[in-house]
Every structure is written in C-alpha cells, then in structure tokens.
Amino acid sequence: MTNTAATKSETLRAGWRLRLGLAVLIVGFLSPLLIPLVAASGLSVRWKAIVSGALAVGISEVFSLVAIAIMGKSGFNYIKARFFDFLKKYGPADVVSRTRYRFGLVMFGLPLLFGWLGPYVVHLIPIYETHRIAVGVAGDLMIV
C-alpha cells in the first residue's frame, strides 16, 4: 500500500475526531495570545503571573496531548504525514551550489564575527558606533 493510500484511509477513519482534534490543537497553540488579556485584567499580580505562565508554557502542551488523544493514532499519523510532506516540499535542498554554500557561510559567520569583535573594535568602525542597533538587527536577520 502506498503512503498516499495509507493517509487517505487514515483520514476516513479519523472523521470528526480529526476535525475536533485539530480545533483543540489550534486553540492550544493560540492560547499564549490571551496573555495580554490576563495582564489587563483585575486579578492580583500573583494570579496574573500564574495564569500567564500557564498560558505561555503549560496549557499549549496539555491541549496538544488532549488533541492527540481525541484524534487517535490514525488522526495523529495523518497530521504528522501532512506536516512532514510540507517540510519535504518546501524544506531546504539536499544539494546546493558552491556559491550558495559560501554565501550562506558568510551570512552566518559575519554577524558572529561582528558580535564577537564589536566591543573591541568600535573605535575602528565609525558607522558601527553610531548605528549599533541597526547593525545588530541586520546581523540577527542574516543569521536567521
């Protein structure tokens, strides 16, 4: 049986559980967006910290486990197969040209070099001293 046939049969078996599990999974991933509402609420500082911490760290993991339990093995395997198919389709190439490889090394190494040598050679690079934040942001974007 091919991989696509297996995923289609798994989808048919999952049915409503797959949709409900996806809804719970999405709600869990979006739960940290409620932190500003908690911060603006009239709760005490202690409860704000507890609820915000739970929304930021704990709740999304609990919702993920609940969603996987709702979807079952077939639904979870379907979601996993779709996710990894997406990564394979739009992920990085297996082989890159020498020019692309060297360009990537420069984009990765240059911000590290500037971050490491920056405090020691500020006086030698006049633009660096006046535009320190812009250089830092550009370096972070290059690493990403």
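1. Charge: the protein chain carries 15 positive and 6 negative side chains, and the centres of the two sets lie 9 Å apart, where Lys and Arg count as positive and Asp and Glu as negative, with His and the chain ends not counted, and where each charge is placed at NZ of Lys, CZ of Arg, CG of Asp or CD of Glu.

2. Basis: this is a predicted model, in which local features need pLDDT of at least 70 and side-chain atom pairs count only at pLDDT 80 or more, while totals for chains, interfaces and linings use all residues. Residues are numbered from 1 along each chain as its sequence is written, and side-chain values use heavy atoms, with hydrogens and water left out.

3. Fold and extent: the protein chain has 7 helices and 0 strands (DSSP runs, H or I of at least four residues for helices and E of at least two for strands, numbered from the N terminus). Its radius of gyration, taken over C-alpha atoms, is 23 Å, well over the 15 Å that the globule rule (2.2 Å times the number of residues to the power 0.38) gives for 144 residues, so the chain is more spread out than a compact globule. Along the principal axes, the C-alpha atoms fill a box of roughly 65 × 55 × 15 Å.

4. Burial: buried residues (under 20% relative accessible area, 1.4 Å probe, protein chains only) make up 18% of the 144 residues in the protein chain.

5. Ser60: this residue, found in helix H4 (residues 45–90), is buried, with a relative accessible area of 11%. Leaving aside residues up to four places away in sequence, Ser60 touches Gly28 and Ser31, a contact being heavy atoms within 4.5 Å.

Conventions
Buried means under 20% relative accessible area, exposed over 50%, partly exposed in between (1.4 Å probe, protein chains only).
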